[in-house]
Amino acid sequence: AVPPNVTDYHVTGALAKKHSELVTFDRPVTIKYWGAHVHGWQGGKSLIVKKNGAIVQTFTTQRSADDPYQFNTPYGPADVHFNRGDKLSLEAVYDNPTDETEIGAMGILYMYVVNE
């Protein structure tokens, strides 16, 4: 949930208490392809991906030029290596200019990972 009248509100799994936003790898891996999803129509601005607490990628959602009800978040090739014990975490960033709490804020990272 995103509180009313906020900008740049960071949503994590710890706040949602539904899914973990933190993955600890048990072996060396490399992310070869990835993409993000946030609810742009609900104020979703971006998904921040961190490796051991440091930002490695920010996926910024953009409204479609052809359809004002369509929002697109980038996807594409990657080459991000994680060693055993490294941590990947996510933060979805939302704005909510309304006087009502926005329910349904989320952030998803899709990725293809190969073992090293």
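**View 1. Three aromatic pairs are found in the structure.** Rings of Phe, Tyr and Trp (its six-membered ring) pair here if their centres lie within 6.5 Å, and planes under 30 degrees apart count as stacked, over 60 as edge-to-face and the rest as tilted. One of these is the edge-to-face pair of Trp34 and Phe59, with 5.3 Å from centre to centre and 80 degrees between the planes. Trp34 belongs to strand β3 and Phe59 to strand β5 (residues 54-60), so this pair ties together parts that lie 25 residues apart in sequence. Both Trp34 and Phe59 are buried, where buried means under 20% relative accessible area, exposed over 50%, and partly exposed in between (1.4 Å probe, protein chains only).

A word on the model before moving on. It is a predicted model, in which local features need pLDDT of at least 70 and side-chain atom pairs count only at pLDDT 80 or more, while totals for chains, interfaces and linings use all residues. Residues are numbered from 1 along each chain as its sequence is written, and side-chain values use heavy atoms, with hydrogens and water left out.

**View 2. Lys51 sits over the face of Phe82.** Lys51 is placed at 5.3 Å from the ring centre of Phe82. For such a call, NZ of Lys or CZ of Arg has to be within 6 Å of the ring centre and within 35 degrees of the ring normal.

**View 3. Strands β8, β3 and β10 line up, in that order, as an open antiparallel sheet of three strands.** At the edges are β8 (75-82) and β10 (107-115), each pairing on one side only. On average, neighbouring strands of this sheet are turned by 30 degrees against each other, direction ignored. The axes behind that angle are lines fitted to C-alpha atoms, for helices over the stretch in contact, and angles run from 0 to 180 degrees between N-to-C directions.

**View 4. Six bridges join β3 (residues 29-38) to β8 in the antiparallel sense.** Two strands pair if DSSP finds at least two bridges between them. Look for Thr30, which stands opposite His81 in β8.

**View 5. Stepping back, the protein holds one helix and 10 strands.** Helices (H or I, at least four residues) and strands (E, at least two) are DSSP runs, numbered from the N terminus. From that end, the elements run β-α-β-β-β-β-β-β-β-β-β. Along the principal axes, the C-alpha trace spans about 45 × 35 × 20 Å. Buried residues account for 38% of the 116 residues.
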